[in-house]
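Hi there,

Here is the structure I promised to pass on to you. Have a look at it, and my notes follow just below.

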Amino acid sequence: MKKKSKKKKVLLTILSIVAVLLITGDWILSVAVYNENFNQRFESYEPLMLYVDDFDGLQRTKYEFTSNKGQKLAGYLYSSGENQRGIIVLAHGFGGGGHNSYMDCADYFARHGYYVFSYDATGNDESEGEGVGGLPQGVIDLDHAITFVEESGNFPSLPIALFGHSWGGYSVCSVLTYHPEVKAVIACSGFNASSNLFEAGGEKQAGDGIYLMLPFVKLYEKMKYGGYASNTAMDGFSKSDAAVMIVHSFDDEVVPTEYGYEIYYEKYRDDSRFRFIPFENKGHNYFNDDSYRNSFNADFDKWLETLDYDYNNAENRERFSEDKANYIYRNLDRAEWCHSLDTKLFEDFVGFYDEYIR
């Protein structure tokens, strides 16, 4: 009996060690994959950047403010004309650098009665940070940006509204938990919880295997960001009386509607403070009329075919980067590139703000 008991204890010990090793391995792998995807630094692509001079009458003033770990973030107050009715704080998306590619949005809002305060989140463009860190950082940075606008004394005392796309769409909704005073929010292509983007992207690459990583990712975010990590867009809605417009396309492959739009619609479709704008075939980015961009991309593809070297080969990376930039500088019609907003959509956006910002 003693020998059997001893063998049983040894077996249990071995199984416990194996379980610990498996859990530890899964933890290490999950954190590594998360950081590889989300803890990177992002810079705007210089040949396609937008500039204030591209927009007649647009003015901006630069400010710096600090976020949660003392890192300095670069922000700009955009204006055009007088009699602004409110201040729209704009939160940019993930992976393309900071707010630069949304300058045409800032210009439109500024020309239609609003100041716009837009900033580069941690780890993007002009702001400090070796990397973004993780998706809850977007909510933290936005929280600090709103507080800076309200309390720094640098800005007029006007109602605050929010505008966000993708990562920014999640951030502007989630941050309502900390800023219920916000009057109106427009969230485009956003998601409900910080882990949703990891889940949506990971499912394409790893299938159901992503769900073995998900608990570790949520724990990792919780350890790094505390309550910001578990706070969701739905939490923000419940803590605020802000008017909310949700915009999403059902063919969005970056953030499928099941992670945002459908969750919100299920609960709030009959709530008068919510407005839902669904699209069928607009994808993830639908602010612009794509006619010129599609034409430019088609010509660019034809140019690729004329190259006398393999631009996919790593040894040609530097050469191709230079050739590509030179092609864009020579051929890009900046007027077309910078002024291609879907004005009908943005008329709806301004109309929504006008209705709730008084």
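The largest pocket has a lining of 41 residues, with F94, G96, H165, H284 and N285 nearest its centre. Please keep in mind that this is a predicted model, in which local features need pLDDT of at least 70, side-chain atom pairs count only at pLDDT 80 or more, and totals for chains, interfaces and linings use all residues. Residues are numbered from 1 along each chain as its sequence is written, and side-chain values use heavy atoms, leaving out hydrogens and water.

The largest pocket holds about 1200 Å³ of space. Its largest lining share, six residues, comes from α5. By class, its lining has 18 nonpolar, 20 polar and three charged residues (Ala, Val, Leu, Ile, Met, Phe, Trp, Tyr, Cys and Pro count as nonpolar, Asp, Glu, Lys and Arg as charged, and the others, Gly among them, as polar).

A word on terms: on a 1 Å grid over the protein atoms alone, a pocket is an open set of points with protein on both sides within 12 Å along at least five of seven lines, a cavity is a set where a 1.4 Å probe fits but cannot get out, and lining residues have an atom within 4 Å of a point. Grid points are joined across faces, edges and corners, and a volume is the space filled by probe spheres set on the points. Helices (H or I, at least four residues) are DSSP runs, numbered from the N terminus.

The second largest pocket has a volume of about 180 Å³. It is lined by 13 residues, and K69, T122, G131, V132 and Q137 are the closest to its centre.

There is also one cavity of 30 Å³ or more. The largest cavity contains about 50 Å³ of space, and A91, H92, Y119, A121, G138, W167, G168 and S171 line it. Helix α4 gives the largest share of that lining, three residues.

Now for the helices. α3 (residues 136-151) packs on α4 (residues 167-174) at about 55 degrees, with the axes 9 Å apart (axes are lines fitted to C-alpha atoms, for helices over the stretch in contact, and angles run from 0 to 180 degrees between N-to-C directions). That makes α3 oblique to α4 (under 35 degrees is roughly parallel, over 145 roughly antiparallel, 65 to 115 roughly perpendicular, the rest oblique).

α10 (residues 291-306) and α11 (residues 317-331) pack at about 135 degrees, their axes 12 Å apart, and are therefore oblique to each other.

Best wishes

Notes: Helix = DSSP H or I, 4+ residues; strand = E, 2+ residues; numbered from the N terminus.
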